[in-house]
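Please review the briefing that accompanies the model shown here.

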Amino acid sequence: MEKFSLKSDIRPPTSDLSSAALSLSIHILIIALLLFFETPHKKTFEKYMTVRIVSTVSTQSELPSPTVTFSTKPNISSQTESPSDNGIKEPPSPQLLHTPPGLVQKEPSRKEQIIEEALHAIKAKKRIEKIARLRAEIRGQMSEVRNQRSESMEKYSFKSDPRPQTSDLLSDLNLASGYVKIVTDIIHSNWTYPESRGRGLKGSVVILIERNGSVKIKEFNSSGDRLFDYSIRNAILKSTLPPPPEELEIEVRFTQ
Amino acid sequence: MKLFLSLLIFSLSSLELLLSPPALARLYIDITSPNPKPLLLGLQVYTEDSGQRTATVTSPTNPSLPSYAREIITVIKDDLTYTGLFSTIDEKLFLEPPSNPFKPENWKPLGADAVVKIKLQLSGVSNSLSQNTVKALSVIYDVNGGLQIFKKEYSGDLAFIRTLAHVLARDIYKRFTDRDPPFEAKILYVGQIDGKKSLFIIDWDGARQRRLGISSETVLSPRWFEEQRLLAYTVRDGRRWILKTLDFNTMTQKTVLESQSLTIAGDFIDRKNLLVTYTEADNQDIYILDTETSRLKKVIGGFGIEIDPVISPDKTKFLFVSDRSGSPQIYIAELSGYNIKRLTFQGNYNTSPRWSPAGDAFVYVGSVNGRNQIFLQRFDPAKAEIIGEPEQLTSRGDNEEPSFSPDGRYITFSSNRDGLWRIYIMRIDGSGQKALTEGYGFSPVWIK
């Protein structure tokens, strides 16, 4: 880009109008191109996010298409609400072991499908419960945070719901900004620094929040004050974060 | 054509940038105003005395300690907590016995940030106190990182156990702040004994009071020159005033100026030259006194009183008090005596200015409703201008003669808030005010 601007500067201003027009038209073309490319990019991002969330709900190994996952959704709710549902209630692995070989020949795909779906459902249930538990934990931490943010809290009020709905979860997890807000509150609640007299200290860290919520410090920009740096590092290390909708890299800037 | 080509390259490169899938979405969070809480330390001391001195254990996590170890832990705790930067966990809450290896999971439930384990060992002849030496091993662990972050061995005389404890506390403080605390610093002041004034020295925590062999009917304004470890003060001998210096390196006294009129030490400019207040014909002015030749050179004079010169840390300017405006106020001037500028404008009585070690503030005594209080005024050394309004730090009784600690975080002063004039200390925000002496004390100065 610098190269370009340099060259255009070198050109005498009295050069013809046509080149200016050409430049203008090419610029318009580029902008149009940019706009064109940007839209699909956004779409893929959304899809990408959804797929990832779905995968957390079902299994780790498989990456099912969105439609597949949504089809398993009713299974999950039925599993949680009506335990008497056929096939699903029974433990899957013994069933596999005890099935006579003849029967397996008859309808292997159907049964396997049911079992697999049951497995998915159980795993998904466990995961949802885990997420709900984590969120409830966060909620517990959040209540300790001094400043009440009733608005955002209401958004996340489902966390206390003992049986969260997957669709709610999905729409909820999509709120990346909500997640960032939670992260901000958790880190802030864990940030203590003893000196009340403001010296305008500033420091920042780049953290990587992995899919499971574990945090890695990737970069540390010192404030020049050891105690302040220590307080920043402790604020990050003390913070237990919920799993993010996707792997996130966040630069957290601390100002006294 | 060239233009087109470069445009093409530019557009291609920008396209490439946009098309490459973002590996990660980078977000920014801004967090301000931390919770003002001190660092929480688990401070553990245990002894490993060879043979005869086995400590009786009352509980596994809280073994009873010999008195010297108790004293060490108390000094360290007091030093660290007085800074306001640290607090310590009540030892009754310890989940981990002091001599056990550090495990972060034993400290996280207590909310500890760090754990300090100090192992003490006595050696030498056990009968004679002075011959006993104490060995200490100090290890600091970071709870959140689960790591050992400091380890150091010490040894000291049992008779100077407090000094050893201050050194141990200093290193803990330094490990977290990278700053030098005043734990080993002393405070020199004018005290009283048998109806006479005398110079005394105490530790920064008020302990170990000792007397310098100087006493007189009156001892005035001790002034300390750290670089040369030189003290200047004025004593009264009959009708004469004597300005003396005491060299702490050789512990030798020297009479610099003897006069019928009052001469008060202001501040050392260097080893030879001393800013003083000298009285001539009942009028006080500021002079530079050559301590070798006893010659006086007037710097600031006039009809009004000009007293109490204190040199700036960069030794280019000095603060002083003058009543040229009708009331005593604080002024700044260059060493030449030129470029005089008034710095205080509130109230009609402002005296006793003292610089902060960094030169970014000064403290002084101002009168509020007829009582003298200590104020802090921020200062911009580059512009030689005050910053903002003065901040009142004291409110009870009369408070005089403030003095900054070497690290600039504490102020000692004298106060009669509880009747007798005593030496007090506070943090620079006015918090943590406490008396350091039980008996009379005035004019405290810090000695490193």
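The points below cover the basis of the model, chain B, one of its sheets, and a helix of chain A.

This is a predicted model, in which local features need pLDDT of at least 70, side-chain atom pairs count only at pLDDT 80 or more, and totals for chains, interfaces and linings use all residues. Residues are numbered from 1 along each chain as its sequence is written, while chains are lettered from A and ligands numbered from 1 in the order in which they are written.

**Chain B**
- Chain B contains three helices and 30 strands; helices (H or I, at least four residues) and strands (E, at least two) are DSSP runs, numbered from the N terminus.
- Of its 448 residues, 38% are buried, that is, 20 or more other C-beta atoms, placed from the backbone, lie within 10 Å of the residue's own.

**A sheet in chain B**
- Four strands of chain B form an open sheet in the order β14-β15-β16-β17, with antiparallel pairing; two strands pair if DSSP finds at least two bridges between them.
- β14 (263-268) and β17 (296-300) of chain B are at the edges with a single partner strand each, so one side of each lacks a neighbour in the sheet.
- β14(B) and β15 (residues 273-280) of chain B run antiparallel and are joined by five bridges.
- B:Asp267 has B:Leu275 in β15(B) as its bridge partner.

**Helix α10 of chain A**
- α10 (residues 226-238) of chain A has 13 residues and spans 18 Å from its first C-alpha to its last, close to the 18 Å expected at 1.5 Å a residue, counted as 1.5 Å times one less than the number of residues.
- Its buried residues include A:Phe228, A:Tyr230, A:Ile232 and A:Ile236.
- A:Ser231, A:Asn234 and A:Ala235 of α10(A) are buried as well.

Note on methods
Buried ≥ 20, exposed ≤ 12 C-beta atoms within 10 Å, placed from the backbone.
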